[in-house]
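Below is a set of questions on how the terms used for a structure follow from its values. Each answer sets a value against a cut-off and concludes.

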Amino acid sequence: MLMGSRTLPGQKTDEVLGYFGKRISTARKNYQSFVEEGITQGQREELRSGGFGRALKIAGNQQFTAYDDRFLGSSEFVEQLQQEKELFGKLASRISLASLLELVAKITGTDPQQLRERGRNPALADAKGIICYVGVRRLGYSGEQVAKALGITRSGVCRGASRGAEAFARESEKWKLVEELSNKSTASS
């Protein structure tokens with residue numbers, strides 16, 4: 001654990017704290033100061049959009065061959081990550097949110113535009129929840145990306161993902177095709 005009492009899966013505590021000091025207590029204090037300083041800077045535009053968006057803003061007209069919205073870094077950094085054996089399968093292409101939305105609309109027999117409209121339509125709640133759940137938890141899109149695709153808030157995406165997980169489990173046969181596509185998107189090559 002970096003701070004507090006909870007360990008997160010995949011968190012490399014020793015590695016991260018190693019950047020902030022040799023003794024754990026000193027490293028934790030320095031890490032906390034680092035986080036607090038970042039919070040005072042507020043939202044920074046150069047860190048908001050996906051990797052490709054950041055790269056284009058920073059570099060102007062340069063050509064980029066590798067990008068991935070899930071990572072903050074240069075195309076060289078993304079290429080390096082793509083070559084690492086541990087990450088290779090996790091970085092596979094994923095279906096677009098637009099395609100996911102179209103598929104869910106087809107399965108539920110609704111107009112895709114209805115899924116993009118704000119409102120509390122109970123008939124569409126499970127469908128939107130499935131998009132939130134699959135988009136965020138299975139395909140790795142950010143809550144902000146899914147919120148924009150559906151025309152809802154990020155907190156709505158969080159609530160929708162919980163509802164979607166329940167609907168996914170409750171009606172697994174109905175959502176089988178969505179599951180297959182999300183598994184293909186995240187499976188090793």
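A nonpolar core is a set of buried Ala, Val, Leu, Ile, Met, Phe, Trp, Tyr and Cys residues joined through side-chain atoms within 4.5 Å. The model discussed here is predicted.

Q: Which residues have the most contacts inside the largest nonpolar core, and how many residues does this core have?
A: The core has 27 residues. L100, V104, L115, I131, V134, V146 and V178 have the most contacts inside it. Two or more residues each come from helix 6 (97-108), helix 8, helix 9 (143-150) and helix 10. Helix 8 gives the most, seven residues. As a general background, nonpolar side chains in soluble globular proteins tend to be buried together.

Q: What does V146 touch, not counting residues up to four places away in sequence?
A: The list for V146 is L97, I131, C132, G135, V136, Y141 and V157. A contact here means heavy atoms within 4.5 Å.

Q: How many helices and strands are in the secondary structure of the chain?
A: There are 11 helices and zero strands. Read from the N terminus, the elements run α-α-α-α-α-α-α-α-α-α-α.

Q: What share of the chain is made up of buried residues?
A: Of the 189 residues in the chain, 32% are buried. For contacts with a separation of 6 or more, 50% join residues 24 or more positions apart.

Q: What makes G135 count as buried or exposed?
A: The relative accessible area of G135 is 0%. The cut-off for buried is under 20%, and therefore G135 is buried. G135 lies in helix 8. Beyond its neighbours within four places in sequence, G135 is in contact with L97, L100, I130, G140, Y141 and V146. G135 and S96 are 39 residues apart in sequence, and 8.9 Å apart in space from C-alpha to C-alpha.

Q: How do you know whether Y133 is buried or exposed?
A: Its relative accessibility is 15%. Because buried means under 20%, Y133 counts as buried. Y133 is also in helix 8. Its contacts, not counting residues up to four places away in sequence, are R138, A161, G164, A165 and F168. From Y133 to G143 the C-alpha distance is 10.0 Å, for 10 residues of sequence.

Q: Why is R154 neither buried nor exposed?
A: Buried ends at 20% and exposed begins over 50%, with partly exposed in between. R154 has 46% relative accessibility, so R154 counts as partly exposed. R154 is placed in helix 10. R154 and C132 are 22 residues apart in sequence and 9.9 Å apart in space, C-alpha to C-alpha.

Q: What makes C132 and C158 buried or exposed?
A: C132 has a relative accessible area of 1%, which is under 20%, so C132 is buried. C158 has 52% relative accessibility, which is over 50%, so C158 counts as exposed.

Q: What is the volume of the largest pocket, and which residues are closest to its centre?
A: The volume is about 450 Å³. The lining holds 16 residues, and G119, R120, I152, G156 and R159 are the closest to the centre.

Q: Which helices each supply at least two residues of the lining of the largest pocket?
A: Helix 8 (122-138) and helix 10 (154-170) do. The largest share, five residues, comes from helix 8.

Q: How do the lining residues of the largest pocket divide into nonpolar, polar and charged?
A: Four are nonpolar, seven are polar and five are charged. Gly counts as polar in this division.

How values were computed. Residues are numbered from 1 along each chain as its sequence is written. This is a predicted model: local features need pLDDT of at least 70, side-chain atom pairs count only at pLDDT 80 or more; totals for chains, interfaces and linings use all residues. Side-chain values use heavy atoms; hydrogens and water are left out. Buried means under 20% relative accessible area, exposed over 50%, partly exposed in between (1.4 Å probe, protein chains only). On a 1 Å grid over the protein atoms alone, a cavity is a set of points where a 1.4 Å probe fits but cannot get out, and a pocket is an open set with protein on both sides within 12 Å along at least five of seven lines; lining residues have an atom within 4 Å of a point. Grid points are joined across faces, edges and corners, and a volume is the space filled by probe spheres set on the points. Helices (H or I, at least four residues) and strands (E, at least two) are DSSP runs, numbered from the N terminus.
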